[in-house]
Amino acid sequence: MSGFKNSTPTVSDDPNAMRFGFTPESENWNGRFAMIGFIFVVLIEVFSGQGFLHFWGIL
């Protein structure tokens with residue numbers, strides 16, 4: 001087994017690092033952005049007095 005190199009990982013171990021592809025970190029970022037979007041929808045409905053789709057003129 002002397003022919004194998006002890007390679008270091010090329011990906012950082014930072015759980016908040018922005019990486020592309022289907023990784024556990026990407027699921028964390030997707031969840032964070034979804035929570036931010038949900039808060040914006042709720043705020044639009046609270047301050048405008050209309051539903052989100054009515055606010056944008058879709059319904």
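## Burial and overall make-up

In this predicted model, 7% of the 59 residues of the chain count as buried. The accessible surface of the chain comes to about 5,500 Å², and carbon and sulfur atoms account for 68% of that area. The secondary structure consists of two helices and zero strands.

## A nonpolar patch on the surface

A nonpolar patch on the surface is formed by Phe33, Ile36, Phe38, Ile39, Phe40, Val42, Leu43, Val46 and Phe47. Together these residues have about 960 Å² of accessible area.

Phe33 is placed in helix α1, which covers residues 24–48. Phe33 counts as partly exposed because its relative accessibility is 48%, between the limits of 20% and 50%.

## Aromatic pairs

A pair of aromatic rings is described by the distance of the centres and the angle of the planes. The structure holds three aromatic pairs. In one of them, the ring centres of Trp29 and Phe33 are 5.7 Å apart and the planes stand at 35°, so this pair is tilted. Both residues lie in helix α1, four residues apart, which is about one turn of the helix. Trp29 is partly exposed, at a relative accessible area of 22%. Arg32 lies over the face of Trp29, 5.0 Å from the ring centre.

The rings of Phe55 and Trp56 have their centres 5.5 Å apart, with planes at 90°, so this pair is edge-to-face. Phe55 is partly exposed, with a relative accessible area of 38%, whereas Trp56 counts as exposed at 55% relative accessibility. Phe52, Phe55 and Trp56 are linked into a cluster by ring pairs.

Methods:
Residues are numbered from 1 along each chain as its sequence is written. This is a predicted model: local features need pLDDT of at least 70, side-chain atom pairs count only at pLDDT 80 or more; totals for chains, interfaces and linings use all residues. Side-chain values use heavy atoms; hydrogens and water are left out. Buried means under 20% relative accessible area, exposed over 50%, partly exposed in between (1.4 Å probe, protein chains only). Accessible areas come from the Shrake-Rupley method with a 1.4 Å probe; for residues, only the protein chains shown count as cover. Patches are made of residues with over 30% relative accessible area and no salt bridge: like charges are joined within 9 Å, nonpolar side chains (Val, Leu, Ile, Met, Phe, Trp, Tyr) within 5 Å. A salt bridge is a side-chain nitrogen of Lys or Arg within 4 Å of a carboxyl oxygen of Asp or Glu. Rings of Phe, Tyr and Trp (its six-membered ring) pair if their centres lie within 6.5 Å; planes under 30 degrees apart count as stacked, over 60 as edge-to-face and the rest as tilted. A charge sits over a ring if NZ of Lys or CZ of Arg is within 6 Å of the ring centre and within 35 degrees of the ring normal.
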